[in-house]
Amino acid sequence: MFSAWPTSKQYSAKCGGAAKTIVVDLSAILKKHFGYDEFRPLQREIIRDALAGRDVFVLMPTGGGKSLCFQLPALMRDGLTIVVSPLISLMKDQVDALQTSGIPATYLNSTLDRDEAKARWRGLHRGEYRMLYVAPERLMLDTFLERALNWNIAQIAIDEAHCISEWGHDFRPEYRELKKLRKHLPDVPTMALTATATERVRSDEQLLEFIRSRPNESGIVYCASRKRTESVARNLNEDGVSAKPYHAGLTAAERTKNQESFLRDDVRVVTATIAFGMGINKPNVRFVVHYDLPKNLESYYQETGRAGRDGLPSECVLLFSASDVAKQLHFIDEKSESEARIARAQLRQMVHYAETRECRRAALLQYFGEQYSKPSCEGCDNCLNPRETFDGTIPAQKFLSCVHRVQAKSGFAFGLNHIVDVLRGADTEAMRQRGHNELSTYGIGRDLKREAWQAIGRELLRLGFVECAPGKFATLALTRSGQDALRQRTLITLTKQVEIVTRDQKARAGAIACDEVLFERLRGLRRKLADERNVPAYVIFSDVSLREMARNYPTNTSEFRRIAGVGEQKLKDFAAPFLSEIKNYLATNPRRTFSENADSPFPQRRPRLNDSQSETLRRFQKGESVDEIARARGFVRSTIYSHLLAAIECGKIVPQSRDRFFTPAQQTEIAAAFRQVSNGGLVDVRALLGNKYDIGLLRVFRAFAAREAIAI
């Protein structure tokens, strides 16, 4: 039935157990079977790894094209790809879409009657299918596995893989049972895919990636609770990393045993609460990870000090999200008021440290009453890869004005969340009762998301423009600096926490201009064809395909083949009705033309400098050095470099000005280093140069080189 399909000898990266190098035109296969001319970002790399027999984890945004990552390899292998899916309701749609593209796929679930299920089982035993969709509960039944072992299974794809993690919003215990597949099918490559990663799931993934990239090193993972230490240790062990928990809930004998195992390097990682490490003297701890936000900077400083006691380079990683703060506050509220007041102040300091864009070493020393004189520590993330900043004067003015007007209206202060509600124009009973919906600042911040305003508020608190009351309710009030900034319209630079764009702009991005009347006619035809086949409309063609048809007016099969989403099977099944519809339309309607960039709602303009960047440029053009500008403006050097970088990129500083930054000898030396680093990674270039150049300076050099390349 499917004898025309390619065999493993033609396409597989492994034949007869021996690795061979085989040239495969993936783009041709993509076009033939799926109708697309180009891969989306990372799809090609993922598919290559899958075909090479590697296990792959795929994290892509919704709509990023995850399914293609296992569907295309399934076509190129001589065997069956089993797709584990938790959603029975979606299996039929996915299989219908594959079959419409001419791909032999099926599913087994409880919606099938006895005869349908038997027919599909027979087809599986005869090797008629390339893909099988099945729920994890059914797959892991002993009777199912016994029968499946008789099939030629070439790949396992685990869709919605976030269900594996107990921190995922759809945790499915059955997914954890999938680890048994390793025992039954040890040589079958596995691909896990998800578009969903909560903050905690991302931490789970980040931690594993970090530790696996240091295969011979020991480390400590600090967690906030006993339960967390146990679960993180269990997950690491399941993923092949030897780990033991350490917390006060273990017996003394268990704690001693686990600590000794760590000291003897019998296990690589200890997952621990703060109960661990007070008396430990393991010199070769190469990393310390804080899986949860520490309660205060004192604890953080002490715990990070467990790394690198032998004097060799070590790493400290803090996994942080704003949601961690709410958890800490929940525990703080259970304390007495005097204890809680201190704990809240300490937590604010910890959050400030996590979110700061300044040198982390300088921030820590300042907390403990010391000053760090150097402009860069050359070791923390903020110094090696400075955070991007923006002119935040207008949003800062809005926030500060709102704090002032809310307090003036009510006679007392309110917390961060209420200020954000006023700015975003929340329509609530509490807002109306207090009259805050009548304020001039009500609704003036609708263009930004709630999370963006919260980040702005926290940074203004960190910068000293607002202060937080010490009590339980943490109300905000303007400081003297905040009042002055509001009156004098002081320039305020903020850190880019999130992309600050309006929702309307975001929704319009990527629109395809086309003949809307024809598009609607094609949609009607698609609906008719879909109803005839009892499948969803998108299974026939996506809106992208229809819009391209309504933009390019294909009138023959050669032109129709070039439309995105038109593969060989869909060309055969659907070219005739769609070409007929287009020809009928053109008989009474003229063709329209669309400019090449009409699909972009944003015209291509040369970037413009904001006010803060322009002020830095003005001073630079007057002859001031980077250090002089930084001191005069109260910024760190990395921020000044980012301003100058923007000026170079928009042509305000020409490549001939590079002598202001580099001597001829330095230019030669840096250029040689860039040539030696294949991917142009600045950290690698900097290391090659003996770490004697600031990262910001290397960015400037790279920008000059790019401008010269454009000019050529």
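**Exercise 1. Locate Leu42 in this predicted model and decide whether Leu42 is buried or exposed.**

Step 1. Leu42 sits in the loop that runs between helix 2 (26–34) and helix 3 (43–51).
Step 2. The relative accessibility of Leu42 is 52%. The cut-off for exposed is over 50%, so Leu42 counts as exposed.
Step 3. Most residues other than glycine have a negative phi. Leu42, which is not a glycine, has a positive phi near 75°.

**Exercise 2. Carry out the analysis for Glu378: in which loop is the residue, and what is its phi?**

Step 1. The loop between helix 17 (360–367) and helix 18 (381–384) holds Glu378.
Step 2. Phi of Glu378 is about 65°, a positive value although the residue is not a glycine.
Step 3. Glu378 has a relative accessible area of 38%.

**Exercise 3. Classify the packing of helix 14 against helix 16, and list the residues that make the contact.**

Step 1. Two packed helices are described by the angle between their axes and the distance between the axes.
Step 2. For helix 14 (residues 297–304) and helix 16 (residues 337–355), the axes cross at roughly 55° and come within 9 Å.
Step 3. Helix 14 contributes Leu297, Glu298 and Tyr300 to the contact, and helix 16 contributes Gln346, Gln349, Met350 and Tyr353.
Step 4. Sorted by class, the contact of helix 14 with helix 16 has four nonpolar, two polar and one charged residues.

**Exercise 4. Describe the surroundings of His352: which residues does it touch beyond four places in sequence?**

Step 1. His352 belongs to helix 16.
Step 2. With a relative accessible area of 16%, His352 is buried, because the limit for buried is under 20%.
Step 3. Not counting residues up to four places away in sequence, His352 touches Arg458, Leu461 and Arg462.
Step 4. His352 and Arg458 are 106 residues apart along the chain, while their C-alpha atoms are separated by 7.8 Å.

**Exercise 5. Find the geometry and handedness of the pair formed by helix 25 and helix 27.**

Step 1. Helix 25 (residues 516–533) packs on helix 27 (residues 543–552) at an angle of about 135°, and their axes are 9 Å apart.
Step 2. Helix 25 and helix 27 are therefore oblique to each other, and their crossing is right-handed.
Step 3. From helix 25, Glu516, Leu518, Phe519, Leu522, Arg523 and Arg526 meet Asp543, Leu546, Arg547, Met549 and Ala550 of helix 27.
Step 4. The class count for this contact of helix 25 with helix 27 is six nonpolar, no polar and five charged residues.

**Exercise 6. How many residues has the largest nonpolar core, and which have the most contacts inside it?**

Step 1. The largest nonpolar core has 58 residues. Leu72, Tyr133, Leu139, Phe144, Trp151 and Met191 have the most contacts inside this core.
Step 2. Helix 4 (residues 66–76) gives the most to this core, namely seven residues.
Step 3. Leaving aside neighbours within four places in sequence, Leu139 is in contact with Ile82, Val84, Val134, Phe144, Leu145, Leu178 and Leu181.
Step 4. A second core, separate and of 33 residues, includes Phe620, Ile653, Phe701 and Phe704.

Key:
Residues numbered from 1 in each chain as written. Predicted model: local features only at pLDDT ≥ 70, side-chain atom pairs only at ≥ 80, totals over all residues. Heavy atoms only, no water. Core = buried A, V, L, I, M, F, W, Y, C linked by side-chain atoms within 4.5 Å. Buried < 20%, exposed > 50% of the residue type's maximum accessible area, 1.4 Å probe, protein only. Helix = DSSP H or I, 4+ residues; strand = E, 2+ residues; numbered from the N terminus. Contact = heavy atoms within 4.5 Å. Axes fitted to C-alpha atoms, helices over the stretch in contact; angles between N-to-C directions. Parallel < 35°, antiparallel > 145°, perpendicular 65-115°, else oblique. Left-handed = near helix turned anticlockwise from the far one by under 90°. Nonpolar A, V, L, I, M, F, W, Y, C, P; charged D, E, K, R; others polar.
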